[in-house]
Amino acid sequence: MTQEILLAEYHKKIKEAFEVFDHEANNTVDVREIGTIIRSLGCCPSEGELHDLIAEVEEEEPTGYIRFEKFLPVMTRILLERRYRPIPEDLLLEAFEVLDSSKRGFLLKEELIKYMTEEGEPFSQEEMEEMLSAAIHPESNSIHYKDYITMMVIDES
Amino acid sequence: MGSGTSAQHHFAFQNAEKAFKAAALIQRWYRRYKARLETRRQCTWHIFQSIEYAGQQDQVKLHDFFSYLVDHFSPSSNHERDFLDRMFTEERFLQDPEMEKFGDYESIEVPDNYTGPHLSFPLLPDHATALVEAFRLKQQLHARYVLNLLHETRKHLIQLPNINRVSTCYSEEVTVCGDLHGQLDDLIFIFYKNGLPSPERAYVFNGDFVDRGKDSVEILMVLFAFMLVYPKEFHLNRGNHEDHLVNLRYGFTKEVMHKYKTHGKKILKILQDVFCWLPLATLVDEKVLILHGGVSDVTDLELLAKLDRHKIVSTMRRKKRKKNGKQAKKEQAHQASSAGSPAPWFLPQSRFLPASPRRLQAHGAGRAASVPCGAPGDAQALALQVRRSVDLELDRCRQQAGFPVSRSKEEAPLGAPEADSEAEEPLEPTLEEWRQVVDILWSDPMAQEGCKANTVRGGGCYFGPNITEQLLQKYNLQFLIRSHECKPEGYEFCHSRKVLTIFSASNYYEVGSNRGAYVKLGPALTPYIVQYQANKVTHMLSMRQRISRVEESALRALREKLFAHSSDLLGEFKKHDTDKTGLITLSDWAEAVEAVLPLGLPWQMLRPQLVNSSPDNTLEYKSWLGDLAKEQLNHENIQSSLLETLYRNRSNLETIFRIIDRDHSGFISLDEFRQTWKLFGSHMNIDITDDCICDLARSIDFNKDGHIDINEFLEAFRLVEQSCSEGTASARPQATNTNDSSCSEPGTH
């Protein structure tokens, strides 16, 4: 695919993703939805990286809204440079195994909560509850992460 | 101390760092996963909304079509006139004794084996509570009690003003509920969670009690019962669905006829009247205005308070006053220019085709200047042009239909009344009055300043924050509560929290699609919102599962729509396939689909759910269309193009049938069918002689009982479409009783 066609494709994709959240149909979205939009386009930035990105696309004096005109070039560059690539399944599994120091194959609910809300870029209570609702085995009160990952990955495709 | 310990520390530190990084990675991954879920949810929402609005536009278009025919078609024979009159006259101007006859319930006997709830009047609170319980147990109220209740309801409503007043001095709290749309579970839940109505617990139900859901009748019974029991504390506002014309399409009429059969007609008749008597708005402490849709730049509460609301039978069609020619012309010009009725879509000139809700709003974006709802200047010229071409078109129709064509279709001479007009002409609403009511029942808020025609709904306006502010200041109000629009969370604030949308039908599109909500106001008038989702199953599902279910439902609906437009899609695809390879790119696919189905959906995003692509990102479009068809076809060996037509027109055809079948008998006479077919068929440019229509009508009556029922009716359209597309007298796919047709036109047996 030539560069031109690729760019055109990217532009269309970005515009579509943006419009899904442009509730007032005036080419702006709430800044709090930018993360969702970027992620829906296949990227996987950390919260810190997201924070920096938002600073790039915000107005000089932040209005709480991001305009499409500012978003498009930044997002296009991200896609072209293939930045913030998604995390492959095996790396994800490794990460869980790191947390599961005794290599049991599962994490207890309390352990998961502790890690997710105290380490890394901590989850909010809402995020934690949501993850638990799908991940935790009600009987064992634990998450069998290998199965969990498999389930989530299937769900994606 | 020593290297051992520092190594331990180092090791510990490394571990901690690893754990930190691992957690961060998992969180990063999870947040992306969540974002994708959220995006899917938004897309699904868009799908449902755009299909819903597209459906509403169909309804409006259909209605416009018939209305224009009736308004501009000057019947040249009494026979014609009678037929049209019968088709569209809303015979609600029954005098009271006649209404008594319709409400006559005393002659209806309740059989001994009836196990449902009994009502006696005057109603007591216990009766109303018992009614809720009975419905919860899936019992049905006997027709006699239904009619009795409606009769009493009507008596009560007549005394009420257009704008009711509630005070938080008397009732400590006021609970406001939005659209219920026949979803009894939600109503029962609200009463369960918030408490039954009482003198201390006032309720306002803000319209749209019926249609779509399956228990509209029961909802009405409960609401009316409580209104009779607590007249000072229980209030109802009319919504745009409290309208017999809207009910024809959206399921309420069907529900009544199905549940009550022979008594259904009576019930519908008196309901038509009851709906007109519903108040238009409620005011809490003179500060909070509650009405169903919204407001416009010309909303005049004083006018609304004074008008005779009973005259507004339906907001879909204004029955015009019979004036002398000059007046009528002026009014028609005025109406053609008013925001509520854009130039008719079916006329050659009009380019007007409402697109998706999003696109329309986009047009308004950036325009700071307020646009008044009445169109400017050359409206009269347009109206004249419109009228001339309508006349031409109608002449053509009438020629084809075999009616004599009179060349000079001038206005009747001034002052000459129309032949056999009724002796007493009940007063009709003025254009202004009708418009005021349409505005408050149909309008939606928008983010941009100004006020413009609500072309998506076909009536009312989009009103901006300045319009809200203007109104609140003019009448010294604090804020507005309205309903009319489904919201994912069951409620939504806008216009700097001056407008609150409250929607009480949870899972409106599909199980898991949205929450319902109600709002409570205390003396401080601070809104306190309670949300719910009346379906136990959804609570147990994870967010992911909930979204998947709703998504599946939306995609199914979307695929159905795509299938219904297969031939158009094929045409568009071919345009992109210039080299005739049978392949197009996925990008082309998205463009083509949007061109055929202007729903404003993110097709690229939805594409993976709708299309399997090959590795080189191309699509064999013919086989894709074939797959769509396979999914929709059932056992009958029907050619897909016919099924397609049927699908596309199915809801319209049903509505047309029900409009013709005015007495809701479930049958239309062959003659009525013939007459309607002439008008409708000629508009659809189907060349067919009068003889053929007769033969067609007779042959459609499969069981030869002199009447056509709904299935025969649908079959008729299918057959004629086929004969036109095939252009031969070839065999139809289904065997029917035929008589030899004497006509030379293609295959219209």
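In this predicted model, Lys520(B) stands opposite Tyr528(B), a residue of strand β14(B). The pairing of strand β13 (residues 516-521) with strand β14 (residues 528-532) of chain B is antiparallel and extends over five bridges. Six residues lie between the strands of this hairpin, and Leu525(B) adopts a positive phi near 60 degrees there.

Elsewhere in chain B, strand β1 (residues 163-166) contains Arg165(B). This residue counts as partly exposed because its relative accessibility is 48%. Its contacts, apart from neighbours within four places in sequence, are His235(B), Leu283(B) and Glu286(B). With Glu286(B) the contact is polar and runs from side chain to side chain at 2.7 Å.

Phe96(A) belongs to helix α5 (residues 89-99) and Tyr145(A) to helix α8 (residues 145-156) of chain A, so the pair ties together parts 49 residues apart in sequence. Phe96(A) is buried, at 0% relative accessible area, and Tyr145(A) is buried at 5%.

A tilted pair is formed by Phe123(A) and Tyr30(B), at 5.4 Å centre to centre and 55 degrees between the planes. Because Phe123(A) lies in the loop between α6 (109-118) and α7 (125-135) of chain A, while Tyr30(B) is in helix α1 (residues 3-72) of chain B, this pair joins two chains. Both residues are buried. Together with Tyr148(A), Trp29(B) and Tyr33(B), they form one aromatic cluster.

Charged groups also sit over rings: the charged end of Arg497(B) is 3.8 Å from the ring centre of Phe493(B), and that of Lys114(A) is 5.3 Å from the ring centre of Tyr115(A).

Definitions and conventions:
Residues numbered from 1 in each chain as written. Chains lettered and ligands numbered in written order. Predicted model: local features only at pLDDT ≥ 70, side-chain atom pairs only at ≥ 80, totals over all residues. Heavy atoms only, no water. Helix = DSSP H or I, 4+ residues; strand = E, 2+ residues; numbered from the N terminus. Buried < 20%, exposed > 50% of the residue type's maximum accessible area, 1.4 Å probe, protein only. Contact = heavy atoms within 4.5 Å. Polar contact = N/O pair within 3.5 Å; in protein donor to acceptor, adjacent residues only side chain to side chain. Pairing = 2+ DSSP bridges. Phe/Tyr/Trp six-rings, centres within 6.5 Å; stacked < 30°, edge-to-face > 60°. Lys NZ or Arg CZ within 6 Å of the ring centre and 35° of its normal.
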